[in-house]
Amino acid sequence: MLVNKAYKFRMYPTFSQKALISKTFGCSRLIFNKMLDKKLKDPSLTRFDMNKLILSLKEEFPFLSEVDSCSLRCSIFNLEDGFKRYYKKLGGIPRFKKKGINSSYRTNNITNTYKDKTYNSISVDLKRKEITLPKLKEVKIRGYRNLNKLPGRIINATVSKEGNKYYVSVVVSEEINKETEKTRGIVGIDLGVKNLVTTSDYEYHGNPKHLTKYERRIKKVQKKLNRQVKGSNNYKKTVNKLDEIYRKLKNARKKTAEEIVKKVIENNDVIVTESLNIKEMTKKENNKKNLRKEILNSTFGKIIRILEYKCKWEEKTIIKVSPYYSSSQICSHCNNKDKEMKDIRKRKYKCRECGSVLERDINASINILNEGIRLLIERKMITE
Ligand SMILES: [Zn+2]
C-alpha cells in the first residue's frame with residue numbers, strides 16, 4: 001500500500017535565501033488574497049481560471065516572476081481546497097491572509113525526463129545534508145539520525161518559518177507492506193475533559209492538564225501585551241513570547257495525541273469513536289474567551305486525525321458514531337436513557353432503572369463500542 005508520510009527538517013538558509021523565502025511568502029499571500037477577492041465576487045471562478053489570471057498579475061506585479069511559480073499555483077490550490085471544505089460545511093469561509101510571524105509556502109515536485117535522464121524540481125541529499133528547491137537551489141538542512149535516504153518519491157515540500165527558525169516538511173509517497181497480525185480486538189473510546197481518552201477496556205489515556213496549563217500562560221502574556229504600546233519593541237518581544245507558547249502547545253498537543261493513539265491501536269483492529277461536530281467546534285474556536293475549550297477541542301481533533309491515518313496505514317478499521325448519539329445519557333447495562341446525565345459535572349452514571357453504577361466516561365465508551373458493533377453489523381462488516 002502506498003501512503004504519504006511527511007519528514008520535517010530544520011533548514012539553514014543563507015541571507016540571500018532567507019530574503020527569497022520571505023519574498024515567496026509575500027507573493028503566495030498576495031496571490032491567495034487577490035484570488036480570494038475575485039472568488040468572493042464571482043464564485044464560479046475555477047482553479048484553472050485563477051491559474052490563467054496569474055499571467056496578467058505577473059504583468060501588474062513583475063516581482064511575482066522572481067519566486068517559485070509552483071508556490072503560486074499551490075496557493076490557489078489551497079484557496080480552492082478551503083472553499084471545498086466550506087461548501088461541505090467542514091470549515092469556515094476562507095479569510096484574507098495577514099502578514100504574520102509564522103509563514104509558509106508549498107511547492108510540488110515536478111518530474112521531467114530529458115534525453116533519458118529524469119530531473120526532479122525537489123531533491124534531498126541526506127549525506128550532504130542538503131535539500132534542492134526551485135529558485136532557492138541547495139539549502140542546508142539537519143538530517144535524521146537513522147535515515148540515509150528518503151524512502152520514496154517526493155510529492156511536495158512546505159517551507160515554513162516559525163519564529164526565527166526555518167523548516168522544510170517533505171511529503172514522500174512510501175510503499176508499506178507491513179504484515180500486521182490481526183488482534184481481532186475492538187474498542188470504544190470516549191473523548192473527555194477529565195482524561196482525554198477513556199476506553200471500553202477501562203483504560204485512561206492522556207492528562208488534559210499537560211495541555212490546559214498553557215491556558216494560564218497564554219492569558220498572562222496576552223494581558224501583558226494588552227497593556228503595551230502597539231508596535232513598540234517590548235510589544236514585539238511579547239508577541240514573540242506568545243508565539244513561542246503557542247508553538248510549545250502545538251508540539252505538546254501533537255506528542256500527546258500520538259502517544260494516545262499508539263496505545264489505543266496497539267491491541268485493537270477496530271476502533272469506535274465519536275465523530276466530532278467540526279462546525280460546532282470552529283464556532284467555539286472563534287470564541288477567545290473559551291481558550292480552555294479550544295485547547296481541548298483541537299486536541300480531540302488531532303487525536304481523531306492521527307487515529308484516521310494510523311488506521312489507514314496499519315489496515316485497521318475506524319468507525320465513527322454520529323455526533324448526535326447520546327453516549328453519556330444511556331445506561332450501558334440496560335439502555336435506559338437519563339437526560340440529566342447531560343450535565344458534565346455528574347461524574348458517575350447511576351442508573352435509575354437497573355441500579356448499576358459506572359464511571360461516566362467508562363459508561364460512555366462502552367455505549368460507543370456497542371453503537372460501533374451495531375453499525376458494523378448493519379454494514380455487514382462482521383458476520384458472526
Ligand atoms: Zn441501567
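This is a predicted model: local features need pLDDT of at least 70, side-chain atom pairs count only at pLDDT 80 or more; totals for chains, interfaces and linings use all residues.
The C-alpha trace spans about 75 × 60 × 45 Å along its principal axes. Of the 384 residues, 26% count as buried. Among contacts between residues at least 6 apart in sequence, 66% join residues at least 24 apart.

Seven strands form an open sheet in the order E2-E8-E9-E1-E7-E6-E5, and their pairing is antiparallel. In general, the strands of a sheet pair through backbone hydrogen bonds, either parallel or antiparallel.

Strand E2 is joined to strand E8 (residues 153-162) by six bridges, and the two run antiparallel; here Ser-103 stands opposite Lys-161 of E8. Strand E8 is in turn joined to E9 by nine bridges, again in the antiparallel sense, with Val-159 opposite Val-168 of E9. E8 and E9 form a hairpin with two residues between them, and Gly-163 in the turn has a positive phi of about 65°. Strand E9 (residues 165-175) also runs antiparallel to strand E1 (residues 2-12), to which 10 bridges join it. In this pairing, Leu-2 has Glu-175 of E9 as its bridge partner.

A further open sheet has five strands in the order E12-E11-E10-E13-E14, with mixed pairing. Strand E12 (204-205) and strand E14 (317-321) each have a single partner strand, so one side of each is left without a neighbour in the sheet. Strand E11 (residues 197-199) pairs with E12 in the antiparallel sense over two bridges, and Thr-198 stands opposite Tyr-204 of E12.

Helix H1 (residues 15-41) packs against helix H3 (residues 69-87) at an angle of about 40°, with the axes 9 Å apart. The contact involves residues of H1 including Cys-27, Ile-31, Phe-32 and Met-35, and residues of H3 including Leu-72, Ile-76, Leu-79 and Phe-83. The crossing of H1 and H3 is right-handed.

Helix H4 (residues 209-227) and helix H5 (residues 233-266) cross at roughly 170°, and their axes come within 10 Å. Because angles over 145 degrees count as roughly antiparallel, this description applies to H4 and H5. Among the residues in contact are Leu-211, Tyr-214, Ile-218 and Val-221 of H4, together with Val-239, Leu-242, Ile-245 and Leu-249 of H5.

Helix H7 (residues 291-313) has 23 residues and reaches 33 Å from its first C-alpha to its last, close to the 33 Å expected at 1.5 Å a residue. Its buried residues are Ile-295, Leu-296, Asn-297, Thr-299, Ile-303, Ile-304, Leu-307 and Cys-311. An α-helix has 3.6 residues a turn, so residues three or four places apart point the same way. Just after H7, Glu-315 takes a positive phi of about 55°.

Conventions. Residues are numbered from 1 along each chain as its sequence is written. Helices (H or I, at least four residues) and strands (E, at least two) are DSSP runs, numbered from the N terminus. The expected span of a helix is 1.5 Å times one less than its number of residues. A residue is buried if 20 or more other C-beta atoms lie within 10 Å of its own, exposed if 12 or fewer, and partly exposed in between; C-beta atoms are placed from the backbone. Two strands pair if DSSP finds at least two bridges between them. Axes are lines fitted to C-alpha atoms, for helices over the stretch in contact, and angles run from 0 to 180 degrees between N-to-C directions. A crossing is left-handed if the near helix is turned anticlockwise from the far one by less than a right angle, and right-handed if clockwise. Two residues are in contact if their C-beta atoms, placed from the backbone, lie within 7 Å. Angles under 35 degrees count as roughly parallel, over 145 as roughly antiparallel, 65 to 115 as roughly perpendicular and the rest as oblique.
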